[in-house]
Amino acid sequence: TADGEFTAPLGGTFRGRDFPTLSGPFMSQFAATHHLSTNHAIEIDGDRATSRSYVQAVHVTREGDLSAHADIGGWYDHTFARQDGEWRIASMKLSFVWTDGEAFPSRG
């Protein structure tokens with residue numbers, strides 16, 4: 001949604017439809033990433049919906065060194081709103097259960 005937001009433990013909060021532009025500098029610090037999202041549980045109530053899904057993500061921290069990575073496990077909580085007949089993300093929050101490997105860089 002135009003006023004939606006994404007919140008992550010290390011990246012901070014990104015608001016509105018500028019998420020790709022604002023998150024780009026943070027994500028560009030990694031040489032590569034690989035994310036797995038599973039067990040999507042969705043509840044719909046009219047024009048609103050919520051979901052939770054679980055995530056494991058590997059972030060390669062140094063180009064050419066695949067043994068250097070910062071990893072996370074946790075979940076995403078979403079809220080959705082149906083607007084003009086289309087479902088849109090109203091909020092997305094990432095919560096960590098664990099981290100492993102190299103330290104994550106700060107938000108870019």
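Visitor: What should I know before reading the values?

Guide: This is a predicted model, in which local features need pLDDT of at least 70 and side-chain atom pairs count only at pLDDT 80 or more, while totals for chains, interfaces and linings use all residues. Residues are numbered from 1 along each chain as its sequence is written, and side-chain values use heavy atoms, with hydrogens and water left out.

Visitor: Why is Trp87 called partly exposed?

Guide: Buried means under 20% relative accessible area, exposed means over 50%, and partly exposed lies in between, with a 1.4 Å probe and protein chains only. Trp87, which is found in strand 6, has 38% relative accessibility and therefore counts as partly exposed.

Visitor: What makes the contact of Glu5 with Arg15 a salt bridge?

Guide: A salt bridge requires a side-chain nitrogen of Lys or Arg within 4 Å of a carboxyl oxygen of Asp or Glu. The closest N and O atoms of Glu5 and Arg15 are 3.6 Å apart, so the pair meets that limit. The two partners lie 10 residues apart, Glu5 in strand 1 and Arg15 in strand 2, where strands are DSSP runs of E with at least two residues, numbered from the N terminus.

Visitor: Is Arg15 buried or exposed?

Guide: Arg15 has a relative accessible area of 52%, and because exposed means over 50%, Arg15 is exposed.

Visitor: What makes a group of residues a nonpolar core, and which residues touch the most other members here?

Guide: A nonpolar core is a set of buried Ala, Val, Leu, Ile, Met, Phe, Trp, Tyr and Cys residues joined through side-chain atoms within 4.5 Å. The largest one has 13 residues, of which Phe6, Val55, Ile72, Tyr76, Leu94 and Phe104 touch the most other members. Strand 5 supplies the largest share, 3 residues.

Terms used. Helices (H or I, at least four residues) and strands (E, at least two) are DSSP runs, numbered from the N terminus.
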